[in-house]
Every structure is written in C-alpha cells, then in structure tokens.
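The structure is shown first.

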Amino acid sequence: MSPLSPAWYLRRLSRMGPQEVGGRTLDAVRRRRWRSGPPHCPPVSGARFTSVLPPGALKAVPPQAVARLVAEADRLMAGHVTYFGVERDDLVEPDWWYDPRTGRHAPWGYAFGLPYRDEELSGDIKQIWELSRHQYLTVLAAAYAVTGDDRYAERVAAHLRSWWAANAPLRGVHWISGIELGVRLVSWVWVRRLLDGWPGAAALFEGNPVARNQIWHHQRWLAAFPSRGSSANNHVIAEAAGQFAAACAFDWFPASGQWRQESLHTLDRQLRANTFLSGLNRELATEYHGLVLELGLAALAEADAADVPVPATVRLVLLRMTDALAAIVDDRLRPPRQGDADDGHGLVVDGPGTDRWGSLLSTGDAVFGRLDWWPPVAVADVRTPLLAALVRPHGKDGVTRPATRPDHFADAGMTLLRGPGGVWVRCDGGPHGFLSIAAHAHADALSVEVRQDGVDVLADPGTYCYHGQPQWRSYFRSTLGHNTLELDGVDQSVSGGPFLWIRHARTRVREAGASRWSAEHDGYGEPVHRRSVELDDAAREVRIVDEVGGPRRAVRLAFHLGPEVTADLTGGQARLRWTRDGEDRSAVLDLPQSLEWRAHRGESAPPLGWYSPGFGRKEPATTLVGTGFTDDGPGFVTVLGFGE
C-alpha cells in the first residue's frame, strides 16, 4: 500500500465528529510528548500470579483434542508455522520484523513515526503482526500443560525473552496498533496460566522485571490510545478485553485497579454498542462476530477467575451472540461468509482442524446452556473445558432466549431461508457496515448466498487481502464481487479507501417470511434496485427476481459459484455439478435470457472469477456475469433448481 494521500486524510476527517477529532488531537500531542519523555514502569514488589486453572480442568480436555494440539506444537517446535497462506520455517529463532510474503523487514524506530502502511518500506504488516500476537505461544504452553513436557515451556520462555529484548516499549511496528497489544496481552495471560506447573514460570513473568515492564507498558499504551469514534469497532473490544485480562491476572501495579475498572466499563459499553439486540455483530462481518465473541468470553473468564463482578449486560450480550451464531450456521456449522474476514482469533489453544464455530458453540453450551433448537455440535476442543473451568454458570432467571430458531434478524437485515436437503439461503438486506466509515463492509446490498449441505453453490467470494494489493482489495469488496446487481459499472456504495466508505447504500427489507424475502436499496439513487428471493420446497428451487425501473442504464448481474462447483454454460442456462461426501450433486441455473452471459474463471486483468477460502489465499472459481441494460427487463428472473 502506498502512503496515504492528503485527499484520503480529508475524506477520513469528514467521517469524524467533533469529539473524535478532539480526542485524536490529544492523542497526537501525547505521542509527541512520549517520544522525548516516555512513561516509566513503577517499581513492583511481591508480585504473584494466582489466576490459575482449577484442579482437574486439564483432565477434561478430550484425547483427540490433545492429539491435535500436540501435533501442532511439534510442528511449531520444528520451526514451521503458516499465516495467511504463507509458510514460515524460521520459527526456531524467529525474526520479529520479517515479512515472509515480500521478504522485507519492517524498519526500526519510534513506533508512531513508522511508515507501516507502506508495503514497499515495511512489508506486509499483517504478516509481521500475526506472529507477534503470540497465539502460537499459547498453543505451545497448552501443549506443556497437557503433557508436562518441559521442551514446550522452554521454547515459550526463550521466545518471550527474545521478543521482549527485540521490542522495547514504543519502539518498532509492534507498538503501533492497539488491537495487537490487546490480543498479545490475552495471549500472555494464558501463557502464564498454562505454564503454571513449570518451575520457571514465576521467574519468566512476575519475577522478571523485563516482563513486568512490558506488561505495564502494554496497559499504559492501551489506557492512553483507545480506538475512538468511527474506529470503535472490533479493535476497541480487543483493546478493552486485553487490558481487562491483564489488569485481572497481572494486578501488580498501582494503576491496576483503575485499569481494571475503566477497561471493564469500556468492554461493557462497547460490547453493547457493537452488537445488535438480536445478537449479531454490527459490523456484519461474520468472522468479527467470532473474534468479538472469543474476546468477550476470554475477558469473562478472567473476571470470574479473579472474582471481579461484571455487569449483567456483559454476560447477556455474549449469550445473545452465542444464540445468534447457533441460529445462522448451516447444516455443517458454517456461518455466512459476509463482510471482511482476516482469520483473526481472540484466544488460540487448539491445533488446526478444530472447527472454530463448533468450538464456540461448545463453549456456549458449557457456559450458557444449549437450547433445544440449536444444531447438534460434536466438537472436541481444548478451549471449551478450559474456559468452562473458569467461567461461572450463567444464571437464567429473567433472561429471555429464542424459543425457536430465528430466521430473520430485523435489526441486522439478515434473513435465512432453509429447505429440505440442507438448502440454506442467506439474503442480505442490512445496513452497510458499522459506524461512519463501515471499515469492514462490502458493497453487497441484496446479495445472496446459497448452499446445499454445506457446499457453496452461490458463494460469497470472501476477502483475500487488506494491504498492499489495492486492485484485489477493491475487487473482493465490490458489488461485482458479490451475488447482486451492478449498475453503470460502479459500486452501490462509494469507497474512500481500503477501510473507508464515504457514501453508504441504504437498504430496506420489504418482506421476510419463512420462504420468501424482498428488499430494496438506494445505492444507485432513484429508482431503487429491488430484489425478491423465494424458496420453493416442493420444486426444490430458489427463484431470484431483480427489478430496476427508470431510464436506461448498463447492468451487470453476477453469480459466483463455489470452488467445488463446475459449470457448463450454454446461452442463458448453466448446469452445475459438484461432489459431497462421495456423492454426485447437480443443479440447473436458469439465467435471465435478456442478458448476455459469460463464464469467468481466475482472471486477473481485471480480477474476476475467484474465491478466497481464507485471508491471504485465493483460488479460481467460476463467476457467471450477465450484461445488458435495465430496459431489457421489466425484471431479471433467475431460477436455481436442485437435482434429485
């Protein structure tokens, strides 16, 4: 990514209110002052760590979860780790500022003066930051906890000492972003907890002035520079959760009580602000729903472990988020692929192959109790028994939970249509993201996802990247990059930068029933784009009708197929085929005959025909695009019929 232009700063400023501008001005003054006179950690004596796991907690971890964990820990011990599709083999003695994707190193210097957004100078900052979230260290520490093998603990200790020595407070790129500091503190708390049986644990943490200095500076930073105003999204949750966790578990400093109180207040307020009453995350980006839920549960565990009372609203929001997650997943426990996704986690103690969403629902069952309509969950993980050992059972008096599985989330504009044979349809009639910049939103109003038995048939292509590749960033969040209709070659909402939208399409749901949904948006002015979706169980088909009145305008209607689906396009009909569990499946997609249809796959100039299974990864997939004009209507009718 190139350095941001003056025009970008003006656009960004235009999305801030007076209070946010004032707060950011004070932040800038403090940053300049800290450059010449940074704060100093006060002396500490008698520090102890008492936030340990209860007896028997580790014995509750299922053997298959232990096996996955130890296998991953051994891979880490051998020096291998994969982030965002890029494998590193230097983890025995890691370079904390190295980006393996570009081969570049981040520069050294005062943190707030570094050009971290410029990939030419600093490399891919996401790659550099990810290792220093130290979530691979929680995996190694968990492996020690379940095996007692000192090798894992010794490697953790060596890497922490290396990191602390290489990243002095306020120096280098790891002191720039509050979310990184917050997640890192959560990791350190769990590392200390999981190493509690190791003889060197106390000398590594509470008995180590370098560790105490790092922990104090992390918390002082977070107290000084909270995410503000239009940036108070998942970042502020991570900051508050990390500070609260550290202030509970590492309560060694004169300011610990104040930090604990203030961060808990922030966490309570921001969990409510970031969550619809229905329980869905307001960013309308499913992976951030998972991140916030994980962080909230981790913070709740610290509160209960330290006997710190929390407002009832904290538990209530986390309960609603858990029920909402149980409601929106498909038959294979896959949630919608909506909005941005960057593979971010709040707490990692499991090996790969553990179902993230099943794990969260398992934890929700253990902490809050499952409802009768929840989907079956049979996930063996490490995290659930550990969190459940710390979190107190949730009192159910006075708490109203859904009696049946919700299909329509009116505040979030999400409607789910479900049919026999595992047919799952998500219809998007919600707001364009959260807050004035809608940082993690996509221009996807009225888009649909369709799955059968967990397979993406009509797919949301995903996210792929944030920094450094602006053409790809623009494509994956564009209107053309979703299963919806584009007019005049432009997006429904207007982008002002990779995490900035300066005009938001407004959407209104007109009808939301068990088998039919209809909505409209004003992103292209008047007249509006209106779409209806109907699921006919008897005919085993999904019928989509798009309508745009008014003067003649150029149309592109896109349908993105999942990577497992092949398509044979003949005129306005595509025959789709895929395999599920060794069984051949098929469908017929009858497309509007008034449009000219072409299949695109793996094209790069410009990008079209791609699917991103995770951050930093993309693979070719078929996209069907119909071109024409609005007066070729009156409506564009698409019918997806599933085979027997």
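Helix 12 (residues 256–273) comprises 18 residues and reaches 25 Å from its first C-alpha to its last, close to the 26 Å expected at 1.5 Å a residue; the expected span is 1.5 Å times one less than the number of residues. The model is predicted: local features need pLDDT of at least 70, side-chain atom pairs count only at pLDDT 80 or more, and totals for chains, interfaces and linings use all residues. Residues are numbered from 1 along each chain as its sequence is written, and side-chain values use heavy atoms, with hydrogens and water left out. Helices (H or I, at least four residues) and strands (E, at least two) are DSSP runs numbered from the N terminus.

Several residues of helix 12 are buried, among them Ser256, Trp259, Leu264 and Leu271. Buried denotes under 20% relative accessible area, exposed over 50%, and partly exposed in between (1.4 Å probe, protein chains only). The cover over these buried residues includes helix 10, helix 11, helix 13 and helix 14.

| Covering element | Residues |
|---|---|
| Helix 10 | 209–224 |
| Helix 11 | 234–249 |
| Helix 13 | 286–305 |
| Helix 14 | 312–328 |

Helix 8 (residues 178–194) has 17 residues, which should span 24 Å at 1.5 Å a residue; its end C-alpha atoms are 25 Å apart, which agrees. Helix 8 is mostly covered, with 17 of its 17 residues buried.

## The chain as a whole

The protein chain contains 17 helices and 25 strands. Its radius of gyration is 25 Å, close to the 26 Å that the globule rule gives for 644 residues, so the chain is as compact as a globular protein of that length. The radius is taken over C-alpha atoms, and the rule is 2.2 Å times the number of residues to the power 0.38. Along its principal axes the C-alpha trace spans about 75 × 55 × 50 Å. Of the 644 residues, 59% are buried. Among contacts (heavy atoms within 4.5 Å) between residues at least 6 apart in sequence, 71% join residues at least 24 apart.

## Histidine 529

Histidine 529 lies in strand 13 (residues 529–536). Histidine 529 is buried, with a relative accessible area of 2%. Not counting residues up to four places away in sequence, histidine 529 touches residues including Leu446, Thr484, Glu520, His521 and Asp546. The C-alpha atoms of histidine 529 and arginine 220, 309 residues apart along the chain, are separated by 49 Å.
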